[in-house]
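Subject: Structure for you to look at

Hello,

Here is the structure I said I would pass on. Please open it beside this email and follow along; my notes come after it.

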Amino acid sequence: MRQKLACFCEWTLLGSLAAMAVFAVLPGYLMDLEDRLVLAAVQIGAALLAALGRGKDRRGNVRRTARLLLAIYLTHLIGLLFFDGAFGRHRSFGLENWRLRTNLRPFATVAVYWNGMRRGWVSKSAAAVNLLGNLLALAPFGALLPFVSDKMKKTAPSLALGAVSILLIETTQLLAGCGSCDIDDFILNFAGFAAARLAVRPLVQKLNEAKLGRSKPG
């Protein structure tokens with residue numbers, strides 16, 4: 001019964017992610033942040049239920065759960081970054097005004113929001129969404145990555161993948177006309193990614209030690 005429930009939850013979750021991917025490419029796609037958070041919470045619950053119903057292979061369950069959570073995260077992230085009209089994503093697929101949408105001066109955008117907030121030009125909520133949001137945006141990726149693949153258990157390769165991923169995001173947003181290419185976005189994204197990756201390092205080491213302990217002859 002538990003395995004059937006786990007299988008049902010997993011396939012329902014994957015079906016919802018596939019539906020999200022289809023709707024994201026339709027014209028006029030938008031999803032309010034509150035609705036997105038509720039949907040993500042339900043999907044995370046389904047992923048955890050799917051994990052609980054599996055066998056006693058803890059390492060396998062951790063990897064399977066991490067992959068499901070990563071699929072949830074990436075589906076929502078891609079929607080937010082490239083398609084969601086609620087966040088001003090316009091898919092023009094052009095380089096119009098590319099100079100205005102490009103910033104290569106470190107901390108220039110951060111200074112604009114910080115000074116604007118201090119002087120009342122920018123609301124605290126807008127500054128928080130742009131600064132804190134960019135800091136946290138890639139943190140789940142950094143936290144989940146070492147549990148998804150053995151190759152990513154080493155810190156250096158996972159940090160390199162994070163940096164390359166952020167560069168691709170910034171470049172794609174610029175080329176697709178659905179965002180800007182900002183060095184400050186890269187700095188904040190990577191800082192959040194790296195902090196989360198380093199934070200889970202002790203847990204990754206414990207899992208590796210447990211694996212080695214089971215592999216030793218009694």
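In this predicted model, Arg 36 and Asp 84 form a salt bridge, and their closest N and O atoms are 2.7 Å apart. The two residues come from distant parts of the chain: Arg 36 is in helix 2, while Asp 84 is in the loop between helix 3 (58-83) and strand 1 (102-103), 48 residues apart. Arg 36 has a relative accessible area of 3%, so this residue is buried. Asp 84 is at 0% and therefore counts as buried too. As background, side chains of opposite charge can pair when their charged atoms come close.

The count of salt bridges comes to four. Another one joins Arg 63 to Asp 150, with the closest N and O atoms 2.4 Å apart. Arg 63 lies in helix 3 and Asp 150 in the loop between helix 6 and helix 7 (155-176), so this pair ties together parts that are 87 residues apart in sequence. Arg 63 is partly exposed, with a relative accessible area of 22%, and Asp 150 is partly exposed at 36%.

Asp 150 also forms a salt bridge with Lys 153, where the closest N and O atoms are 3.2 Å apart. Lys 153 has 22% relative accessibility and so counts as partly exposed. Which residues do the shared partners join into one network? They are Arg 63, Asp 150 and Lys 153.

Next, a pair of helices. Two packed helices are described by the angle between their axes and the distance between the axes. For helix 6 (residues 139-148) and helix 8 (residues 183-199), the angle is about 35 degrees and the axes are 7 Å apart. The crossing of helix 6 past helix 8 is right-handed. On the helix 6 side the contact is made by Ala 139, Phe 141, Gly 142, Ala 143, Leu 145 and Pro 146; on the helix 8 side, by Gly 192, Phe 193, Ala 196 and Arg 197. Sorted by class, this contact has seven nonpolar residues, two polar and one charged.

Last, a residue in a loop. Gly 28 sits between helix 1 (2-24) and helix 2 (33-52). Is Gly 28 buried or exposed? Gly 28 counts as exposed, because its relative accessibility is 66% and the cut-off for exposed is over 50%. Gly 28 and Phe 83 are 55 residues apart in sequence, and the distance between their C-alpha atoms is 8.9 Å.

Regards

Notes:
Residues are numbered from 1 along each chain as its sequence is written. This is a predicted model: local features need pLDDT of at least 70, side-chain atom pairs count only at pLDDT 80 or more; totals for chains, interfaces and linings use all residues. Side-chain values use heavy atoms; hydrogens and water are left out. Helices (H or I, at least four residues) and strands (E, at least two) are DSSP runs, numbered from the N terminus. Buried means under 20% relative accessible area, exposed over 50%, partly exposed in between (1.4 Å probe, protein chains only). Axes are lines fitted to C-alpha atoms, for helices over the stretch in contact, and angles run from 0 to 180 degrees between N-to-C directions. A crossing is left-handed if the near helix is turned anticlockwise from the far one by less than a right angle, and right-handed if clockwise. Contact means heavy atoms within 4.5 Å. Ala, Val, Leu, Ile, Met, Phe, Trp, Tyr, Cys and Pro count as nonpolar, Asp, Glu, Lys and Arg as charged, and the others, Gly among them, as polar. A salt bridge is a side-chain nitrogen of Lys or Arg within 4 Å of a carboxyl oxygen of Asp or Glu.
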